[in-house]
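Work through the exercises below with the sequence and the 3D view open. Try each task before reading its solution.

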Amino acid sequence: MTNLKYVYEALKRASSYLEENGREEGAARILLQHELGLSYSGLIAAMRDEISEEQFKEFWVKVEQHATGIPVQHLTGSEEFYGRNFLVSRDVLIPRPETEELIEETLQLINRYMAKKKLAIADIGTGSGIIAITLKCELPEAQVTATDISQPALEMAARNAKRLDAEIDFRLGDLAEPIEDEKWDVIISNPPYIGYSEAAGLSDSVREFEPHHALFADKEGLALYEKMAMQFPKLLNNPGIIGFEIGYQQGPAVEKMLKDAFPTAIVYSKKDINKNDRMVFAIIE
């Protein structure tokens, strides 16, 4: 530390260290912003400012932890999603950009098919609450309910809802069971969809540090879609919308499940920004 005085020097050293250890060097910036309490623009403006020895020590501890595989989001305790900051922990899946695309398409479908209706929306397997809370923030008049099988996940989701002033009805239980006595206009879900055989191919940051109950499912990742497709016909209003996030090879199988459950529905897959199948939607008319 004796030769290190400025913010830009700390960032350069950490970026090089992470790259040497096979990690994304951009994580250094995020960790330094977190340590200094700065936005991205604030960090850029502070590059020639001095960094204290104590600040650097705290920052470097996190850099070394990330080098071992601990996700940046677990070290900062948060992640951005759809323009909002969400708390995360090892109890919940870290939000992914692809799920923002699930939200975007769902909002477009709502605007097209249900623009003037006060909606009842259900988010199945809510995790940190990103889908339910985002939809409530974007559609303040909607009634939004969210389920999860994990009590710690629901507690994290409730903390996020309180921070973002979103009124959500959180319910503990397996998939749609907690909502099965009601009718819904929109049901959306990003369930566990990775097959257990795929575990070895995941990065160690995902495999070792994110909750397996939020990642993996039986039947090569398709088991929960199959169960929900059987649950949903008695739950959807007409018109109704279903939106699933999926694994990139699961589109045809999940489409078939929804077509079998809703023979007259419009069912289609949609690609994400990386041109991979990432969503399946059903429009019940």
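**Exercise 1.** Is Glu19 buried or exposed?

Solution. The model is predicted: local features need pLDDT of at least 70, side-chain atom pairs count only at pLDDT 80 or more, and totals for chains, interfaces and linings use all residues. Residues are numbered from 1 along each chain as its sequence is written, and side-chain values use heavy atoms, with hydrogens and water left out. Step one is the scale: buried means under 20% relative accessible area, exposed over 50%, and partly exposed in between (1.4 Å probe, protein chains only). Step two is the value: Glu19 has a relative accessible area of 51%, so Glu19 is exposed.

**Exercise 2.** Locate Pro211 and list its contacts beyond its sequence neighbours.

Solution. Pro211 sits in the loop between helix H9 (204–209) and strand S8 (216–217). Helices (H or I, at least four residues) and strands (E, at least two) are DSSP runs, numbered from the N terminus. With a relative accessible area of 8%, Pro211 is buried. Contact means heavy atoms within 4.5 Å. Neighbours within four places in sequence aside, Pro211 is in contact with Arg90, Asp91, Val92 and Leu93. Val92 is 119 residues away from Pro211 along the chain, yet their C-alpha atoms are separated by 6.3 Å.

**Exercise 3.** What is the phi of Lys219, and what is the phi of Lys275?

Solution. Start from the general rule: most residues other than glycine have a negative phi. Lys219 is not a glycine, but has a positive phi of about 55°. Its place is the loop between S8 and helix H10 (223–231), and it is exposed at 54% relative accessibility. Lys275, also not a glycine, has a positive phi of about 70°. Lys275 is in the loop between strand S10 (266–271) and strand S11 (277–284), and is exposed, with a relative accessible area of 63%.
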